[in-house]
Amino acid sequence: MTSAVEQLHAVKAKIASAEREARREPGAVTLVAVSKTFAAEDIRPVIEAGQRAYGENRVQEAQGKWPALREAFPNIELHLIGPLQSNKTKEAVALFDVIETIDREKIAAEIAKEIVRQGRSPKLYVQVNTGSEPQKAGIEPREAVAFVNRCRDVHGLAIEGLMCIPPAEENPGPHFALLEKLAHEAGVEKLSMGMSGDYETAIVFGATSVRVGSAIFGSR
């Protein structure tokens with residue numbers, strides 16, 4: 001059975017190859033290893049192999065395993081990539097270095113309040129529901145640019161990127177192209193897009209970070 005560390009190296013090699021093919025700078029794309037549902041002992045060997053950015057879906061789960069891991073490995077960058085409930089905003093701002101899932105006014109206001117209260121400034125992304133799927137989090141594409149502007153102007157948030165999760169059964173390319181277009185219109189530089197099945201495609205469309213879980217840690 002292939003180990004998570006071997007899988008990590010394979011994914012990194014594919015990222016480097018996709019960067020070359022897309023004529024992008026080596027290292028232009030950050031790998032975020034999605035460690036949700038995996039225990040600290042599963043994650044530790046991957047950290048020891050040099051991987052530093054990790055994605056978690058739930059605040060509570062991350063609270064259970066990352067404080068101890070970060071004591072041992074202080075230069076970890078932790079990304080929240082799952083929906084954020086307003087009653088978890090305080091904990092999210094305290095724990096995460098990057099929050100990728102701002103998608104409504106109430107969350108923007110709560111995050112702004114906590115940033116002031118805690119004096120801590122995580123990097124912030126707006127999640128866009130590029131497929132307009134009713135069951136999925138994210139702001140509608142037609143509202144995304146105006147929402148980014150409101151986050152800045154009304155709430156004083158420094159939004160630096162956009163994030164999306166394309167519909168599972170559709171070609172992801174048009175969704176990545178849409179996110180890149182919206183980022184340009186909104187004046188943000190970071191694009192969090194691409195997962196285990198499509199991260200190489202996302203790199204072609206300008207992803208600055210890809211969120212890869214099962215291709216590293218195995219199926220959940």
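Me: Is Thr130 buried or exposed?
Reply: Thr130 counts as buried, because its relative accessibility is 9%. Buried means under 20% relative accessible area, exposed means over 50%, and partly exposed is in between, using a 1.4 Å probe and protein chains only. Before we go on, this is a predicted model, where local features need pLDDT of at least 70, side-chain atom pairs count only at pLDDT 80 or more, and totals for chains, interfaces and linings use all residues. Residues are numbered from 1 along each chain as its sequence is written, and side-chain values use heavy atoms, with hydrogens and water left out.

Me: Thanks! Where does Thr130 lie, and what does Thr130 touch?
Reply: Thr130 lies in the loop between β5 and α6. Helices (H or I, at least four residues) and strands (E, at least two) are DSSP runs, numbered from the N terminus. Leaving aside residues up to four places away in sequence, Thr130 touches Pro141, Cys164, Pro166, His175, Leu178 and Leu179. Contact here means heavy atoms within 4.5 Å.

Me: Switching to helices, what about α5?
Reply: Helix α5 covers residues 105-118, so 14 residues, and spans 20 Å from its first C-alpha to its last, close to the 20 Å expected at 1.5 Å a residue. That expected span is 1.5 Å times one less than the number of residues.

Me: Which residues of α5 are buried, and what do they pack against?
Reply: Ile107, Ala108, Ile111, Ala112, Glu114 and Ile115 are the buried residues of α5. They pack against α4 (89-95), β4 (98-102), β5 (123-128) and α6 (141-153).

Me: And what follows α5?
Reply: Gly119 does, and its phi is positive, near 65°.

Me: How many salt bridges does the structure hold?
Reply: There are twelve salt bridges. A salt bridge is a side-chain nitrogen of Lys or Arg within 4 Å of a carboxyl oxygen of Asp or Glu. Side chains of opposite charge can pair when their charged atoms come close.

Me: Which residue forms a salt bridge with Glu105?
Reply: Arg150 does, with the closest N and O atoms 2.8 Å apart. Glu105 lies in helix α5 and Arg150 in helix α6, so the pair ties together parts that are 45 residues apart in sequence. Glu105 is partly exposed at 31%, and Arg150 is partly exposed at 33%.

Me: Last topic! How much space lies in the largest pocket?
Reply: About 330 Å³. On a 1 Å grid over the protein atoms alone, a pocket is an open set of points where a 1.4 Å probe fits, with protein on both sides within 12 Å along at least five of seven lines, and lining residues have an atom within 4 Å of a point. Grid points are joined across faces, edges and corners, and the volume is the space filled by probe spheres set on the points.

Me: Which lining residues lie nearest its centre?
Reply: Of the 19 residues lining the largest pocket, Lys36, Asn57, Ile81, Ile165 and Met195 lie nearest its centre.
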